[in-house]
Amino acid sequence: MSSIVIYTILSLSGLGAAAAVILYMAARKFKVYEDPRIDEVEEVLPGANCGGCGYPGCRAFAEAVVKAEDLSEFYCPVGGNETMQQVAEILGQEIEEKEPQVAVVRCAGSFENAPAITRYDGPASCAIESMLYSGETGCPYACLGKGDCVEACDFEAIFMNEQTGLPYVIDHNCTACGACVEACPRDIIELRKRNKKDRKIYVACVNQDKGALTRKACRVGCIGCGKCVKVCPFDAITLENSLAYIDPVKCKLCRKCVAVCPTNSILEVGFPPRRKKAKEKSESVQSESKGEN
Amino acid sequence: MKRAYRMNMLKTFTKGGVHPPENKLSGNKPIEKLGLPKQVSIPIAQHIGAPSTPVVNKKDKVKAGDIIAKSQGFVSSNIHASVSGTVSKVGEVMDTSGFRKPAVIINVEDDEWNDSIDTSSDIIRNISYSSQEIVDKILEAGIVGMGGATFPSHVKLSVPEGKKIDTLVINGVECEPYLTSDHRVMLERTEEMLIGVKLIKKALGVDRVLIGIERNKPDAVDHITNFVSEEEGMEVYPLKVKYPQGGEKQLIKALLDREVPSGGLPLDVGVVVHNVGTALAVYEALQKNKPLIERVVTVTGKSLSKPSNFMVRIGTPVKDLIEAAGGLPEDTGKIVSGGPMMGKALNSLDVPVVKGTSGILVIPEREAHRAEEFNCIRCGKCVDVCPMGLEPYLLKQLARLERYEECEENAIMDCMECGSCSFTCPARVPLLDYIRFGKTNVSQLIRNRKQK
């Protein structure tokens with residue numbers, strides 16, 4: 001009886017020892033060197049695997065960062081400057097701080113402002129609808145409202161507003177990963193500089209048609225009148241193809257352009273209500289610019 | 001031929017196909033000349049390939065038949081003024097998709113024609129051109145495939161070296177429900193059309209011509225058979241009624257039992273296919289010196305008071321056609337350019353008739369909308385009916401998941417968008433919408449690969 005026990009122990013430990021030797025040799029032979037910093041970098045990344053940095057997942061980003069000599073090309077939009085600072089510390093490099101950004105929907109063609117003139121029956125996808133035709137409203141640049149951007153967002157930062165049929169960005173959740181920008185077939189969503197208290201001034205229109213056509217299709221479309229360009233004291237507004245664009249970096253949020261816009265295409269978000277004085281002032285600006293004409 | 005008719009051994013293609021209700025409401029309505037509109041808008045891109053460049057300016061006087069836009073490159077086509085008058089502007093006009101596209105807009109004044117055009121109705125039978133002259137003339141006259149694909153015709157007639165063509169197939173199938181423009185051309189312009197066929201035959205240097213016509217047009221079959229009975233090398237075949245027999249690959253399979261390889265052209269099996277409307281345009285271009293400036297358009301619909309076939313100048317707004325056919329019915333739900341299977345819904349009635357407009361279909365509200373979509377039940381009906389032997393349910397799913405490489409492996413580019421799959425699906429899954437989406441992305445993929 002005891003011999004069975006002894007043989008069993010001996011043979012199993014023999015097998016174990018042999019296997020250990022083989023595994024050890026194999027491990028030596030097929031060893032792959034991996035930079036330990038990759039793990040460290042991955043540790044500090046948010047782990048959302050959103051692809052906002054341009055790499056397929058956080059691990060791939062970490063590998064690329066460790067290999068790279070210069071960090072200026074890399075940016076994790078989700079973690080922001082804080083994360084990039086940590087990454088730079090691990091790699092012993094210095095980085096410049098980047099401006100935080102937020103997604104902005106540049107269309108105000110709600111059901112009321114740009115009523116539908118046709119009905120679309122196809123699959124609920126902006127990509128498919130935009131391939132087929134100009135959309136339900138009269139504006140061939142407008143938001144189609146099928147929510148491709150909502151589907152693309154990994155951070156629950158964008159939702160369709162049932163009342164307007166337009167997507168609505170929750171600034172607090174938005175990480176500026178750019179997934180919605182990519183998903184929008186009409187290039188309506190733009191990443192703009194994030195201002196203090198999430199204040200925003202932007203042209204909520206991308207219609208490049210001439211004024212009369214835009215006006216016909218939508219009540220709040222930019223008609224390219226150029227009043228905002230004249231009134232802007234910082235040269236932040238440019239006019240191209242009958243469409244005004246406010247440079248988010250140059251804009252100092254003075255709100256002068258909002259007051260002069262005849263179609264209310266320029267939106268101000270997050271500001272306290274205007275005091276009466278400011279209103280009068282802006283009106284005088286308006287009359288001045290008229291005088292110039 | 002007569003024998004085949006009697007013995008019920010009608011030819012057709014083998015793979016797939018569906019039988020949508022025919023609804024050929026305007027089949028017995030003779031072609032009427034539509035009055036001139038007040039203004040025409042002639043888009044400069046009415047064909048597949050490079051858009052043409054306008055050669056007229058604002059305030060220029062033009063006569064019908066004058067060239068207004070020159071073709072750019074080999075796969076492109078000339079555009080001619082379809083009316084006489086003054087160019088009001090070189091601007092934009094809405095196309096079928098609702099986007100604005102460049103166009104020449106002409107205010108109509110009188111009806112003067114370019115002096116070189118023979119406007120008499122005499123039929124000129126004598127063919128005095130060499131094959132190269134025929135191709136050059138077709139290029140000059142801006143003729144494109146009139147079946148709807150609008151591929152420039154001279155390209156199809158310029159056979160690349162190393163390819164041998166033995167058969168010319170003339171497509172008189174008109175398998176799309178409702179449409180009757182080809183039917184009327186075959187009945188009323190038979191002789192002219194057949195002279196056009198002879199011209200194409202000469203340009204290609206082939207001996208054999210097969211004319212395929214679906215059996216639902218027995219008058220056209222008989223009529224054309226009488227005309228060609230004495231011609232050598234011309235045969236007329238009545239075909240079983242099945243959609244999409246008018247697709248060139250399906251027609252070749254039906255008539256010659258040859259299969260065009262995946263990604264290939266009819267040229268690869270020694271065949272060239274032309275539509276009967278194109279043949280008529282070729283006749284007019286060569287024998288009458290008249291460029292492609294008008295075409296037959298079917299205006300039809302169940303609630304329309306007067307479904308008709310009109311001879312329409314290119315650039316006429318669609319609303320004029322509907323007005324002439326008895327006005328827009330009250331219960332209109334959708335207006336489609338083309339047939340119900342492959343046509344495109346229109347956004348606006350200001351869209352002009354172009355070279356590829358074979359019909360305008362007014363669909364009543366009760367039939368205009370899609371039924372609610374349910375889950376795919378894997379019945380495989382879409383696979384059964386696909387005339388190209390594809391698997392629509394799979395392609396749809398792959399396209400939806402953006403797996404475009406796999407779409408390409410599964411031959412998505414062979415799809416000709418006939419819509420048989422969506423038509424037959426019992427769960428009303430919008431298969432074709434997704435497949436078309438996949439095709440767009442796969443062709444983008446292929447283009448990117450070529451650039452590298």
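This is a predicted model: local features need pLDDT of at least 70, side-chain atom pairs count only at pLDDT 80 or more; totals for chains, interfaces and linings use all residues.
In which hand does H4(B) pass H6(B), left or right? The crossing is left-handed.

**Confidence**

The predictor assigns the complex an ipTM of 0.84 and a pTM of 0.84. For chain B the average pLDDT is 91, and 98% of the residues score at least 70.

**Two helix pairs**

Two packed helices are described by the angle between their axes and the distance between the axes. The table gives both values for each pair.

| Helix pair | Residues | Angle | Axis distance |
|---|---|---|---|
| H4(B) and H6(B) | 181-188 and 218-228 | about 35° | 9 Å |
| H2(A) and H3(A) | 36-44 and 58-67 | about 130° | 9 Å |

In chain A, the angle of about 130° between H2 and H3 makes H2(A) oblique to H3(A). Their crossing is right-handed. From H2(A), the residues A:Arg37, A:Ile38, A:Val41 and A:Glu42 take part in the contact. Their partners in H3(A) are A:Cys58, A:Arg59, A:Ala62, A:Glu63, A:Val65 and A:Val66. Sorted by class, the residues of this contact are six nonpolar and four charged, with no polar residue.

In chain B, helix H4 brings B:His183, B:Met186 and B:Leu187 to the contact with H6(B). On the side of H6(B) stand B:Asp219, B:Ala220, B:His223 and B:Ile224. Four residues of this contact are nonpolar, two are polar and one is charged.

**Domains of chain B**

Into which domains is chain B divided? Domain 1 covers 2-27 + 119-287, and domain 2 covers 381-451. The C-alpha centres of these two domains of chain B are 28 Å apart. Where the domains touch, 12 residues come from domain 1 of chain B and 13 residues from domain 2 of chain B. The side that domain 1 of chain B presents to domain 2 has five nonpolar residues, six polar ones and one charged residue.

**Contact between the chains**

How many residues of chain B are in contact with chain A? There are 12 of them, and they meet 10 residues of chain A. On the side of chain B that touches chain A, four residues are nonpolar, five are polar and three are charged.

Key. Residues are numbered from 1 along each chain as its sequence is written. Chains are lettered from A and ligands numbered from 1 in the order in which they are written. Axes are lines fitted to C-alpha atoms, for helices over the stretch in contact, and angles run from 0 to 180 degrees between N-to-C directions. Helices (H or I, at least four residues) and strands (E, at least two) are DSSP runs, numbered from the N terminus. A crossing is left-handed if the near helix is turned anticlockwise from the far one by less than a right angle, and right-handed if clockwise. Two residues are in contact if their C-beta atoms, placed from the backbone, lie within 7 Å. Ala, Val, Leu, Ile, Met, Phe, Trp, Tyr, Cys and Pro count as nonpolar, Asp, Glu, Lys and Arg as charged, and the others, Gly among them, as polar. Domain bounds come from an automatic or database domain assignment. pLDDT is the predictor's confidence in each residue, from 0 to 100. Angles under 35 degrees count as roughly parallel, over 145 as roughly antiparallel, 65 to 115 as roughly perpendicular and the rest as oblique.
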